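Grab a pencil and work through these exercises one at a time. Try each task yourself before you read its solution.

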Amino acid sequence: KPASKKKPARGGPARSTVKLTHPDRVYWPDAGVTKQGLADYYAEIWPSIAPYITHRPLSLLRCPSGITGEQFFQKNAWKGLNEAIVLVDDPSTQEVEQLISIEDLDGLTALVQSAVLEIHPWGSTLDAWEKPDMIILDLDPGEGTDWQAVIDAAQEVRQRLADAGLAAFVKTSGGKGLHVVAPLAPKAEWPDIKAFTKGLADAMASDSPDLYVSTISKAKRPGKILIDYLRNQRGQTAVAPYSTRARPGAPVSAPLAWEELSPAIGPAYFTVLNMPTRLASLGTVPWADFRKAAKPLEIAPAGKKKAR
Ligand code: ATP
Ligand code: MN
Ligand code: MN
């Protein structure tokens with residue numbers, strides 16, 4: 001049925017033409033999610049995840065035997081890759097090893113076929129490798145931190161981004177924390193983006209030293225939250241919105257509306273099992289305006305204050 005390729009039938013999920021081997025292989029034993037189940041999840045939510053994982057270099061967490069077996073990160077091409085996976089050359093290096101990207105649902109299904117259980121994209125696209133189109137502040141709570149404190153941290157990051165003229169969106173990590181993400185019009189390059197996010201994280205840590213730390217060496221302090229800005233460097237990644245995590249319960253990194261943040265919704269609340277229903281029942285998805293809200297990061301020249 002060539003007509004059904006990639007185009008969703010009205011009201012139905014998108015379809016991939018990539019064939020899965022061993023569709024009954026169990027990836028998340030505790031949640032009962034198989035390879036076929038994972039492919040079905042991505043087909044159902046394809047329009048929601050597509051903007052965040054296509055046309056970017058990807059770092060992939062592969063788990064050939066599911067979440068209970070061996071896990072390894074892979075960012076370079078490997079032998080036997082499906083042709084739906086697009087190999088790209090990093091324009092700035094002489095690296096002979098090609099990086100991995102996808103452009104469509106066939107590409108994503110090919111990742112599922114290769115036992116990719118987590119998708120970690122770059123914060124820049126193949127159209128502008130040096131100019132990120134998003135900023136990610138990764139909030140990592142130390143042992144014993146109240147979830148409300150993580151929510152408060154996300155709100156503070158949001159306010160500080162607003163002060164810099166940027167819109168902010170929030171998602172669960174699917175692990176232990178929250179990610180605050182600001183869409184950018186690609187303009188400033190990686191070193192400026194890193195400096196800006198370091199400044200933001202350092203300011204939070206120095207204004208509230210009892211709550212926040214901004215250096216990895218002080219991370220995992222009980223009760224404190226690491227404002228991890230180090231995702232914002234060339235070649236670094238963070239897990240994609242709607243990507244699954246290779247952790248018990250088949251959690252996904254879930255975009256939320258700011259009003260939804262509450263102690264009732266923990267970092268791994270949304271999963272492969274409940275996300276499709278959530279998206280189907282919501283009128284508009286939480287990050288519908290993500291790309292529309294993008295603004296360039298304006299770097300103030302040293303010594304000058306920006307008029308407001
Ligand atoms: P959590 O909420 O549990 O912190 P997380 O996804 O934010 O989940 P982190 O440990 O904070 O996990 O890592 C942030 C990001 O750094 C990851 O999402 C991933 O993209 C990247 N990362 C971490 N470890 C590796 C690794 N070994 N190889 C490649 N990328 C990694
Ligand atoms: Mn984190
Ligand atoms: Mn982190």
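**Exercise 1. Find which residues of helix 1 are buried, and describe how the helix runs.**

Step 1: Start with burial, where a residue is buried if 20 or more other C-beta atoms lie within 10 Å of its own, exposed if 12 or fewer, and partly exposed in between, with C-beta atoms placed from the backbone. In helix 1, the buried residues are Lys35, Leu38, Ala39, Tyr41, Tyr42, Ile45, Trp46, Ile49, Tyr52 and Ile53. Helices (H or I, at least four residues) and strands (E, at least two) are DSSP runs, numbered from the N terminus.

A quick note on what you're looking at: this is a predicted model, where local features need pLDDT of at least 70, side-chain atom pairs count only at pLDDT 80 or more, and totals for chains, interfaces and linings use all residues. Residues are numbered from 1 along each chain as its sequence is written, while chains are lettered from A and ligands numbered from 1 in the order in which they are written.

Step 2: Helix 1 bends by about 85° at tryptophan 46, with proline 47 following within four residues.

Step 3: Step past the end of the helix: just after helix 1, histidine 55 has a positive phi of about 60°.

**Exercise 2. Explain why helix 2 counts as largely enclosed.**

Step 1: Helix 2 (residues 105–113) has eight of its nine residues buried, so the rest of the structure largely encloses it.

Step 2: Those buried residues pack against helix 1, strand 3 (58–62), strand 5 (85–88), strand 6 (99–102) and strand 7.

Step 3: Just after helix 2, alanine 115 takes a positive phi of about 65°.

**Exercise 3. Decide whether leucine 117 is buried or exposed, and list its contacts.**

Step 1: Leucine 117 sits in strand 7 (residues 116–121).

Step 2: Leucine 117 counts as buried because it has 25 C-beta neighbours inside 10 Å.

Step 3: Setting aside neighbours within four places in sequence, leucine 117 contacts Tyr27, Leu61, Cys63, Ile67, Thr244 and Ala246.

Step 4: Leucine 60 is 57 residues away along the chain, yet its C-alpha atom is 7.7 Å from that of leucine 117.

**Exercise 4. Say where the pLDDT is under 50.**

Step 1: pLDDT is the predictor's confidence in each residue, from 0 to 100. Its mean over the chain is 93, and 94% of the residues reach 70 or more.

Step 2: Residues 1–6 stay under 50, with seven contacts beyond four places in sequence. Residues 304–308 are also below 50, and that stretch has one contact beyond near neighbours in sequence.

Notes: Contact = placed C-beta atoms within 7 Å. Bend = angle between axes of the 7 residues up to and from the residue.
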